[in-house]
Amino acid sequence: MDLCLPWILAYMIDSVIPKESKTMIFYWGIIMLICSTFALTFNIIANRMASKVARNTTERIRHDLFEKIMYLSNKQTDFFTKPSLISRLTSDTYYIHQMLGRMQRLGVRAPILLIGGIFITLTLDPVLTLVLVLVLPFLVLIITKISRRSIPMYAKLQESTDQFVRLVREDIAGIRVIKALSKIGYEQKKFDAINKEVVEREKKAGMTMAVVDPLMHLLMNVGLIIVIVVGAYRVNQGQSEVGKILAFMTYFTVILNAMMSISKMFVILSKSFASANRINAILDSKEDFTIITEEQAENKPEQDMDAISFEHVSFSYNGAENNLTDISFSLKKGETLGIIGETGSGKTTIIHLLMRFYDTQKGKISIHGKDIKSIPLKELRSLFGVVFQNDALFEDTITENIRLGRPLSEEEVENAVSYAQAKEFVEQKEGGYLEHLNIKGANLSGGQKQRILIARALAAHPDILILDDSSSALDYKTDASLRKELKDHFKDTTTLIIAQRISSIMQADHILVLEDGNCIGYGTHEELMNTCSIYKEISQSQMGV
């Protein structure tokens, strides 16, 4: 419709007005009005459709990206880093959304105006069209050259944004510590440094892309001057008409605007290509874990099955030095293993390997006689109830924090709260089980948080219960009551307890003592008091005996 208007105007000037017919002038004027109305209506419809497609497509990309991130292994998460994953889910998908919306609006409209304009100008005056066509290769060359430089710049900008997000995330999470230690100025300097880096990279990329518009304007205006000069000469020679020249100048402006739109698209594309590559890096990442067959796993016969078995397991996070070396132990169903050792000795690593967050480099881990590599991940992790160090509570009710989307009845939730020694304080809350928790359970004390987390782990009566330093904020009386509840109500649950206090594990069936990833003691409390000097030293320092 937009392309029709200049042609109609040229026809009116050159053919209709010389006939001095008002009826024909009104007739063609009405046609121009109809074309303008159609142009407006279709433009609104197209923009709405483009917005809908961009919105729905970005929603699907976010959904698939989030789902993929949820299934990444811990090794892959460590590789990409959490701040980078957050940035890809937010700013990168935003750039994709912008690109999809603009590409449909400008990416369809601009080429039609460009190609259609050139085609119509050929019918008006082929000589003048030749001037226009000679300018276009220079415009394409400018866009291509600058885009090749700008895309890597925007990729580096996104890397700086990742670091920016990481720093902000850390500072917000640790704001109380920063204030307590009067380190606001120190953190401000770090923030200013990364903020300056982001600004500088954005400035560099922006300045590179800013060259496009002026150069295109220059070339198109030079072309327009040539068109006017050549057109005036041809009119004077009687080889063209005034209406055609006016229409040609209008088409030239339309084509100029189309080229400007295309240049703007390349700015958006430069950003979105960098973002698309980052998103694809996640979506195209291969499964880190493979499920092996039972024949490959060499699973044991049913009569020889242990609930949990570690056979000469060694593991390294960085591939250089071992974090665990030749760890072996086995537990029967319903037995309890206590794990103790200094910070960094490998206690939590055992849990990570057992739940297959990472794979062992050497050795074998079995559950109920089956190599865990032969058990599908969803089936494997459904066996566990777990409380990690620094575990998360969500901004939801106490009930939903315990249920966590599982089909648990209210009775099961209440029983779990009772087992975890949390019933008294939960029922004292104004909302009771429906009390709304703040992010990370900020409206609960440390001990209350741990008891809610323990209740979450116990609620589904898991086959294997893992408590990773989950009673550190509990007083001795509550800790003892919790252990009694576990003994009374979870006799068939195999339990692993990582603790800093001897009192939390001294009743365990087996105790594993770790130092620098090595087993330096294994047995009952009484056995270790006689055979392991480090365990005895810890016991005497904590209990005086």
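Visitor: What should I know before I start?

Guide: This is a predicted model, in which local features need pLDDT of at least 70 and side-chain atom pairs count only at pLDDT 80 or more, while totals for chains, interfaces and linings use all residues. Residues are numbered from 1 along each chain as its sequence is written, and side-chain values use heavy atoms, with hydrogens and water left out.

Visitor: How many residues does helix H5 have, and how far does H5 reach?

Guide: Helices (H or I, at least four residues) and strands (E, at least two) are DSSP runs, numbered from the N terminus. The expected span of a helix is 1.5 Å times one less than its number of residues. H5 covers residues 126-173, which is 48 residues. From first C-alpha to last, H5 reaches 67 Å, close to the expected 70 Å.

Visitor: Where does H5 bend?

Guide: A bend at a residue is the angle between two axes, one fitted to the seven residues ending there and one to the seven starting there. In H5 the bend is at Ser147, by about 25°.

Visitor: How do helices H1 and H2 run relative to each other, parallel or antiparallel?

Guide: Axes are lines fitted to C-alpha atoms, for helices over the stretch in contact, and angles run from 0 to 180 degrees between N-to-C directions. Angles under 35 degrees count as roughly parallel, over 145 as roughly antiparallel, 65 to 115 as roughly perpendicular, and the rest as oblique. The axes of H1 (residues 4-16) and H2 (residues 22-70) come within 10 Å and cross at roughly 175°. The two helices are therefore roughly antiparallel. Contact means heavy atoms within 4.5 Å. Residues of H1 that meet H2 include Leu5, Ile8 and Tyr11, and among their counterparts in H2 are Trp28 and Met32.

Visitor: How many salt bridges are there?

Guide: Side chains of opposite charge can pair when their charged atoms come close. A salt bridge here is a side-chain nitrogen of Lys or Arg within 4 Å of a carboxyl oxygen of Asp or Glu. The count comes to nine. One of them joins Arg278 and Asp92, at 2.7 Å from N to O. Arg278 lies in helix H9 (residues 242-283) and Asp92 in helix H4 (residues 82-124), so the pair ties together parts 186 residues apart in sequence.

Visitor: Are Arg278 and Asp92 buried or exposed?

Guide: Buried means under 20% relative accessible area, exposed over 50%, and partly exposed in between (1.4 Å probe, protein chains only). Arg278 is buried at 8%, and Asp92 is buried at 0%. Arg88, also in H4, is buried at 9%. Leaving aside neighbours within four places in sequence, the contacts of Arg88 include Leu65, Phe80 and Arg278.

Visitor: Which helix holds both Asp479 and Arg483?

Guide: An α-helix has 3.6 residues a turn, so residues three or four places apart point the same way. Asp479 and Arg483 both lie in helix H17 (residues 476-489), four residues apart, about one turn. Salt bridges that share partners join Asp479, Arg483 and Arg501 into one network. The bridge between Asp479 and Arg483 has an N to O distance of 3.8 Å. Asp479 is buried at 2%, whereas Arg483 is partly exposed at 24%.

Visitor: Where does His461 lie?

Guide: His461 is in the loop between helix H16 (446-458) and strand S7 (464-468). His461 is partly exposed, at 42%. Not counting residues up to four places away in sequence, His461 touches Tyr419, His489 and Phe490.
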